[in-house]
Amino acid sequence: MICTAIRTAAKAAPLLLVATTLAAPAAAAPRQQQAECHTRIRNSHATADCYNGNATPDRVQLHLRCAHWWDPAMDTAPATVDPTRHVTLSQRCWLRIREAWVSHTPG
């Protein structure tokens, strides 16, 4: 009985291999059309330099989370980065910055 199961599995294995090699490859995820931003933190100041190498505009905004509870979180006004253009955003906390990031909105 064990020999029969092994023979059956051995006959089925090449069919499984053929089925997996004939399957279509998964489609790659579409590249997001966002500006490329680099954020720097120096003491209590944060700066984000964003360059848009895409064909569509991107709205960017710099967000800060300050280190101390009494220091409010700060956000810059959204700025539109047109194709092949550069934008610099800057903001500060009173003492120290815990976290800085840039958000993107199409168009």
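Modeller: Two strands pair if DSSP finds at least two bridges between them, a strand (E) being a DSSP run of at least two residues, numbered from the N terminus. The structure is a predicted model in which local features need pLDDT of at least 70 and side-chain atom pairs count only at pLDDT 80 or more, while totals for chains, interfaces and linings use all residues. Residues are numbered from 1 along each chain as its sequence is written, and side-chain values use heavy atoms, with hydrogens and water left out.

Biologist: What makes E3 and E7 a pair of strands?

Modeller: Nine bridges join E3 to E7, and at least two are required, so the two strands pair. They run antiparallel.

Biologist: Which other strands pair with E3, and in what sense?

Modeller: E5 is joined to E3 by three bridges, again antiparallel; Val 60 has Ala 79 as its bridge partner there. Strand E4 (residues 74–75) pairs with E3 over two bridges, also in the antiparallel sense, and since at least two bridges are needed, E4 therefore qualifies. In E4, Asp 75 is the bridge partner of His 63.

Biologist: How do you know whether Leu 62 is buried or exposed?

Modeller: Buried means under 20% relative accessible area, exposed over 50%, and partly exposed in between (1.4 Å probe, protein chains only). Leu 62 has a relative accessible area of 0%, so it is buried. Leu 62 belongs to strand E3, where seven of the nine residues are buried, so the strand is largely enclosed by the rest of the structure.

Biologist: Which residues of the largest nonpolar core touch the most other members?

Modeller: Such a core is a set of buried Ala, Val, Leu, Ile, Met, Phe, Trp, Tyr and Cys residues joined through side-chain atoms within 4.5 Å. Of the 15 residues in the largest one, those with the most contacts to other members are Cys 50, Val 60, Leu 62, Leu 64, Leu 89 and Val 102. Strands E2 (45–52), E3, E5 (79–81), E6 (85–92) and E7 each supply at least two residues, and E3 gives the most, with four.

Biologist: Why is the link between Arg 40 and Asp 49 called a salt bridge?

Modeller: The term requires a side-chain nitrogen of Lys or Arg within 4 Å of a carboxyl oxygen of Asp or Glu. The closest N and O atoms of Arg 40 and Asp 49 are 2.5 Å apart, so the pair meets the definition. Arg 40, at 48% relative accessibility, counts as partly exposed, whereas Asp 49, at 19%, counts as buried.

Biologist: How many salt bridges does a search of the whole structure find, and what parts of the chain does the one between Arg 65 and Glu 99 link?

Modeller: The search finds two. Arg 65 and Glu 99 have their closest N and O atoms 2.7 Å apart. That pair links distant parts of the chain, with Arg 65 in strand E3 (residues 58–66) and Glu 99 in strand E7 (residues 97–106), 34 residues apart. Arg 65 is partly exposed at 38% relative accessibility, as is Glu 99 at 35%.
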